[in-house]
Amino acid sequence: MNRKLTLGQKTGLLAAAALLFLICYLSLCFNNNIWTDEAFTIELLHADFAGIIHGTASDVHPPLYYLIAKCFVLVFGSSLLSLKIVSIIPMLLCMTWGAAVIWKRFGFHAALAFDFLLGVIPCTMEYAVQVRMYSWAIFFITFMGLWAYEAYLERKWRYFAGIVLTSAAAAYTHYFAFVSAILIYGFLFLALAFAPVPAGRRRKGLLQWLLSVCVSLLLFAPWIPYMRLQIKGVSKNYWIAEITGETVKEFFPFLFDMDIPGTTAVWLVLLAFGVAAAVRMIVCGERKEGTFALLCLLTPVLTAVTGIVASNLLRPVFIVRYLLPCMGLVAVFLAVTLCRYAPRPVYIALLVFLFCAGLVDYKQSVYREYEWTHTAETEAFLESHVGERDIIAYNYESYKFVYDYYWSDEEKMLWQGTDLDNCPYETIWLLDTIYWPTPTDAYLAEHGWQRQFMGNYGIEHNDFKIYAITRLPDTPAAD
Amino acid sequence: MTWITRQSLPAVLTALAVAAGWLLIFPGGVIKDEEISRTAADYSMDTGPVGEVAAIQEFVPRYDRIRSLGVDIGKLDGRAGQGTLYLHFYDENLQEFAVVPYDISEMRDGELTDIPVDLKLRAGSRYYVGILCKDYGEAAPVVHYRSLSGNGPAENLHFYYGPTVIDDASANIRFTYQKPLHPVQILFYDSLILLAGAAVISLTGKKKDRKEHEPYAG
């Protein structure tokens, strides 16, 4: 049976794939876990638009994601769920609109494979539901790449307008997305300037390219003074560790490991097959398509090289997470190349494999979002134990703005410097991390207090023990 | 077996290889998942040197196979940086059934070092692991331990230095288990084998039978 699918069936399949991932992503949103960067986002979104721009300017990223999230918050409220949905939207746009662009140029098989690949590349599922900018950066860079190819083939103004908007948006979303956007502009220039032109035809598109670059720069110009300040700040002090050979080796597991043996190698083999297929396309007369695919892969590679070089010249500024904006292009590369030479049974086997890989990814994500950390238990424990005359104390000062998300300043205090002799609380619930010495029994007794270990708890990426610190029976409470 | 023609032989062999691959994954279990269990982060205390006297941790494994055991030793400012550390494994009747040596110079100082042990145990039964060093030169290393009640891991019971139990102590240890794959993980490997099989059959099949994708529109 070799029945051809109708247009409606194909559209239905693409919609079903997008819907499947939408359901997966939504199902990962019903928790109350946030980590430091997400806490920063949430804190920043309390400000108005001007405050957000000033707040971002004093941080290290550009402001567009926060502004998008703020618009969403104004309409749908500031619950964590609605913030997570902000991050899902661009993934969904890639899987529908992006897939449609790929379908038009590379056929339905590549479009369907793209949806699965984008959803299944191991690092993407986690960041699709994070209150951070990465999924938006994926959207902008993927579309810039796709429209750059359309602009090269068609030389139409609307595609150049598309790359102007997406490049500026990428630059305003993440600086390493900006690097990727510059690379894509560079590739487009090389293609327009040096690709062979049929005899008698005039080379076209360079003027459009130049105008696009100028408009992109013009759009980004208002942010350049802030960017310079941020670079100055970062060059003095930044948290990223030095990049060594070992760090670079760890890039691959971060992007492709699915927490079971051999998965990084499996993805690297798929990439190798993709490269082989792209080379074959170039050799066998599909030069434009093969080159486009290779450039999709080269974008993250050169973004990483730029990051590593910059880190060595200035100070460490690059971590593998900053390659996430290019993951849509990696999915385009794999979809275009792997589907080109795959006969029907191999294509179906590839989809089955991607579906199963998606299951593994999803299982891992469920664990990460719902079981890995103790956030829900911690919240439940403190809710049931902390009385009106009690207080929560923390001893990891840097985590204050994470704790701010969970408890107001009236409900919590910093442990360091607490005057136990004049402490008005009945019970102090100490979140005891390893970043400050645990108060000893002798020290507490000296001030008329005692401690009881209540268990190991934590909030995403921050484990602590909870001690109930209460007065010794014969100690009167301070007023 | 006349129905297997010369042309169909590669496909039949590949199909057999795929079936064999599937059986090796399940029920064969050639690929295992890993699970790690360790003490929670906390301040560590030192035993005395484990040269003449062993540090012994009583434990109850959660799975049947331990791939490696992470051990945290202190090298006393480099004075205890050489020699061989031995992990002696005893069953609940104190019968020794395995000894695993490890070069102390290869071990981290004050951090966990995973020592490959690859032991088949009975989940839920009681065992003891003794840590003792030989040929250590100037000084023997110490073993780091933490409060059991606050840190676990759930496997650890009593911790001894020589014959003496240290109250509420738990060796700073990391158990890395090998455990059977989850059904979803089995599906992943099976689908990978299927993909590889389909690719091999298509490559070895007759070229005219290969219906590749149409060339891209350009």
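A: **Where chain A meets chain B**

In this model, 32 residues of chain A are in contact with 29 residues of chain B, where contact is taken to be C-beta atoms, placed from the backbone, lying within 7 Å of one another. The model is a predicted one, in which local features need pLDDT of at least 70 and side-chain atom pairs count only at pLDDT 80 or more, while totals for chains, interfaces and linings use all residues. Residues are numbered from 1 along each chain as its sequence is written, and chains are lettered from A, and ligands numbered from 1, in the order in which they are written.

On the side of chain A that touches chain B, the elements giving two or more residues are α5 (80-106), α15 (287-313), α16 (327-340), α17 (344-371), β4 and β5 of chain A; helices (H or I, at least four residues) and strands (E, at least two) are DSSP runs, numbered from the N terminus. The largest share of this side, 12 residues, comes from α17(A). By residue type, this side of chain A divides into 20 nonpolar, three polar and nine charged residues, with Ala, Val, Leu, Ile, Met, Phe, Trp, Tyr, Cys and Pro counted as nonpolar, Asp, Glu, Lys and Arg as charged, and the others, Gly among them, as polar.

The strands β4 and β5 of chain A also belong to an open sheet of five strands, in the order β2-β1-β3-β5-β4, whose pairing is mixed; two strands pair if DSSP finds at least two bridges between them. The edge strands, each pairing on one side only, are β2 (412-414) and β4 (449-459) of chain A. From one strand to the next, the twist averages 25°. Strand β1 (residues 391-394) of chain A pairs with β2(A) in the parallel sense over three bridges, and within this pair A393(A) stands opposite M413(A) of β2(A). Helix α18 (residues 375-385) of chain A packs on the sheet, where it touches β1, β3 (427-432), β4 and β5 (462-471) of chain A, and its direction makes about 145° with that of β4(A); axes are lines fitted to C-alpha atoms, for helices over the stretch in contact, and angles run from 0 to 180 degrees between N-to-C directions.

How values were computed
Two residues are in contact if their C-beta atoms, placed from the backbone, lie within 7 Å.
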